[in-house]
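Trainee: I have a model open and want to learn how to read its side-chain contacts. Can we go through them feature by feature?

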Amino acid sequence: MTGVREPGAVSATRGRRQVPLPRLADPAAPLLVVEDLAVRFSLPSGSVKAVDGVSFRLDDGEALGIAGESGCGKTTTALSLVRLLPANGRIRSGSVKLFGIDLVPKTEKQLARYRWREISIVFQGAMNALNPVRRVGDQIAEPIEVRLGRSRDASRKRAAELLDLVGIPGQRASAYPHELSGGMRQRAMIAMALACDPAIVIGDEPTTALDVMVQAQILQLLERLRRELGLSLILITHDLSVIAETCDRVMVMYAGKVAEEGPVTRVFTAPRHPYTQKLLSSFPNIHADRRTLDVIPGQPPDLRNPPPGCRFAARCPFVMDVCREVVPPEVTFGDGVRVACHLYPGRDAAGPPPRVVGATRTCDAASSTDPAP
Amino acid sequence: MSDRATGPVDPHGPHGSTDPHDGHVHHEHGVAPHEPDPAAHADAAHLAAEHAAAHDPSRVHVPHPAHVHAPGAAPEPHVVGPELLRLEGLEVHFPVRGGVIDSLLRRTRGYVRAVDGIDLSIRKGEILALVGESGSGKTTTGRVVVKLTRQTGGRIVFEGEDISELWGTGRLRPYRRRVQLIFQDPYETLDPRHTVGAFVEEPLLVGTKRMPREERQRRVREALEAAGLRPASDFAARYPHELSGGQRQRVVIAGALVMDPELVVADEPVSMLDVSIRTELLRLMLDLRRSRGLTYLFITHDLSIAWVLADRIAVMYLGKIMEIGPAEEVIRAPRNPYTQALVSVSPSTDPPEPGAPARTILVGETPDAAQVPPGCRFHPRCPLAFDRCRVEEPPLVEVGEGHRAACWLSGVGPRDLPVIDAVAAAIPAGMPPPVATS
Ligand SMILES: Nc1ncnc2c1ncn2[C@@H]1O[C@H](COP(=O)(O)OP(=O)(O)OP(=O)(O)O)[C@@H](O)[C@H]1O
Ligand SMILES: Nc1ncnc2c1ncn2[C@@H]1O[C@H](COP(=O)(O)OP(=O)(O)OP(=O)(O)O)[C@@H](O)[C@H]1O
Ligand code: SF4
Ligand code: SF4
Ligand SMILES: [Mg+2]
Ligand SMILES: [Mg+2]
């Protein structure tokens, strides 16, 4: 695949990706660092604190999964990264630094260098929102023409290349959306997101509503693209198995806040936050040795009026008095896991060991419970 | 016949409550301390280690206390009654018409073989899951059972009576009361202009003999409460937009319960929902089976949902049953390569480990049911296909106690169907490699 070169840009590139960095980039800065992001939606009935103090980081070639129940702020977080929030939404505070460049204060015009070209997104439900009366190939060529200022022919050619890359044979480019299966339409959406050779692709529920076999095929495709193109991925889904299979790190969100974040191998095998524990044990899994079906009683809080302390307090089996009054601080453990829960009160007092889910990891799980300085 | 064949009339049942919340919260508090108790955690870890020593370590999940005693956590061996429903050689072929001219000439260009000869039987109190990819004919089968689609061949037998040719609103009414359908999408089923109470009451208003008002209200209230919508009076007055997605699906369930059915055909009732709401509703359906003696034909494309819910699983592919048997057998010892592939790609939250068994990701999609491949219909995608498969269709044969599979290799001997990954290399030349492992 040929890189898209910007005239006059410094030719510094990073990793496997052969695309020059933006001019303002700090080559030594991490790929993406989000700090203390807060997003509000205004409604006549009040302001919705949809995302409230979310921080995370994404490194080159890494895949980060964002998990959590419906309404916890996954999509809002993603839309903030590309500054495509609905009209009543606003970033209240925080920064989104790409190669060290903060995107939050950028004007729409300045953003054009970054949105789609550095970070692109496959929107939730996009595969069902394709224009039914236009050929799929044309729908992919159009943004290439607009965003990169290529000629119509060059864009068409590029669209065919991209479709081929995602496993849609060339002649299918002239198909209309209804002539393609769900899996094929999702592949087309991924092709569209790759049009400008971005550094980061965000997939918002990219496999939800697809059959398991097709889902496995799409995940396999994303995995291949990541390897071949040196992409970094942010995968948003309430399906934890998708994250277990494809991601290096996972961020579990609850009611607009980060509950737990860390390497998938740690968080999924030895979850520390009660919410993560509940979420994992309520996931039906045929590979488990017993049929389990746990439920999380109750519902997430109303984000117009979130409770003062821990937002999970009303549903937490371990709730203490302090939980209802004080927002739990984020504590980082030696194994790179970050948790916001009063059960882990900071570095002097070691909290209880995490509940071990994968029994093979019993020993090392117990040895890494001391929060790092 | 009596309205309710089994189970107490009180929707609260013998355990006092069918609400998964109540049961669970209560229990949680009984076991998990309010204050974090390091000893309890250590115990769990200890148990885990013990457990791991006794079983295959890579597959063991810790039996933490909340699971062990959770009400309805797993379908405990359930006493099932006599046969309730039987399908014999059921066929639904839809004519394919190319356009106006074809229609005028009553000319067809072949048939969509949506359901192509299946045999099934469900016993009272049983949960049978019908699993398969999109287009495999699950919904069509469900619609035939509730008599919304006319079969083109075969028989439907309900409680020993052949109802294949029972048609017409009036004649079907008694049957429709006893067999209810729950759709996938609560947003489509619920009319935004009607209150929840009106929706649930609606089926009680049809028919010549109207039920007295108090009786109707009592049944609506009971149904709402049984579906976990409490207090019923509060929910009855609400409109659909005033409910969450999970609550909407509960309303749909209440609408089915109000008729006091014996058989519920549930077509992907939870696929649209968030994981946590999903498990809540699955729990509810299990509780209702216990308290009301319900029987379910549960349609899903997700094998793991079938696993937590069903007594038996039937795997469909292009209108045919490829394998059917007790859930444990079908999941733990699948005897058909398609089932094996489905099991291997089934979602798991265990991060992949090096050396773990590879997953079998089939290439391509289910072919069009208008062009069913000859021989074994799975052969174009089957990594084990050989000459015979391309010409001769394998019958469903007994491979274990109540366990049948359709594959030329299933009958070879006890449990010796080769694991597909192991032989993936032996694919005939010229075919695209049908197996990719990740
Ligand atoms: N335009 C809007 N106006 C007001 N509130 C909104 C708006 N968009 C989202 N919200 C609210 O913000 C919160 C976060 O929504 P978001 O869409 O980010 O959730 P999500 O985690 O992506 O959920 P899902 O899994 O259902 O997609 C929710 O409470 C939602 O109701
Ligand atoms: N009324 C109809 N006329 C013609 N073909 C039909 C009709 N209904 C269903 N089909 C076809 O029959 C086949 C089986 O469809 P069915 O809806 O039963 O599958 P399914 O297993 O429920 O799939 P899904 O998981 O997508 O709901 C499909 O090929 C479908 O296109
Ligand atoms: S802070 Fe308290 S309420 Fe919140 S998750 Fe931790 S223990 Fe539960
Ligand atoms: S009969 Fe042949 S093609 Fe069919 S499942 Fe068995 S091995 Fe595969
Ligand atoms: Mg979303
Ligand atoms: Mg269907």
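Trainee: Which residues form one aromatic cluster with Y254(A)?

Mentor: First, the general idea. Rings of Phe, Tyr and Trp (its six-membered ring) pair if their centres lie within 6.5 Å; planes under 30 degrees apart are stacked, over 60 edge-to-face, and the rest tilted. Here, Y254(A), Y275(A) and F312(A) form one cluster. Keep in mind that this is a predicted model, where local features need pLDDT of at least 70 and side-chain atom pairs count only at pLDDT 80 or more, while totals for chains, interfaces and linings use all residues. Residues are numbered from 1 along each chain as its sequence is written, chains are lettered from A and ligands numbered from 1 in the order written, and side-chain values use heavy atoms, leaving out hydrogens and water.

Trainee: How many aromatic pairs are there over all chains?

Mentor: The count is 9. Take W116(A) and F123(A): they pair edge-to-face, 6.2 Å centre to centre, with 85 degrees between the planes.

Trainee: Are W116(A) and F123(A) buried or partly exposed?

Mentor: Buried means under 20% relative accessible area, exposed over 50%, partly exposed in between (1.4 Å probe, protein chains only). W116(A) has 16%, so it is buried. F123(A) has 34%, so it counts as partly exposed. In chain B, F158(B) and Y175(B) also pair edge-to-face, at 5.1 Å and 90 degrees.

Trainee: Which parts of chain B does that pair tie together?

Mentor: Helices (H or I, at least four residues) and strands (E, at least two) are DSSP runs, numbered from the N terminus. F158(B) lies in strand 4 (residues 153–158) and Y175(B) in helix 6 (residues 169–178), so the pair ties together parts 17 residues apart in sequence. Both residues are buried.

Trainee: Where does the charged end of R272(A) sit?

Mentor: A charge sits over a ring if NZ of Lys or CZ of Arg is within 6 Å of the ring centre and within 35 degrees of the ring normal. R272(A) sits over the ring of F333(A), 4.0 Å from its centre. R388(B) sits over the ring of W408(B), at 3.5 Å.

Trainee: Which residues coordinate the magnesium ion (ligand 5)?

Mentor: Donors are N, O and S atoms within 2.8 Å of the metal (3.2 Å for Na, K and Ca); water is not among the atoms, so sites may look incomplete. The magnesium ion is coordinated by T75(A) through OG1 and Q124(A) through OE1, at 1.9 to 2.3 Å. T75(A) is partly exposed at 26%, and Q124(A) is partly exposed at 47%.
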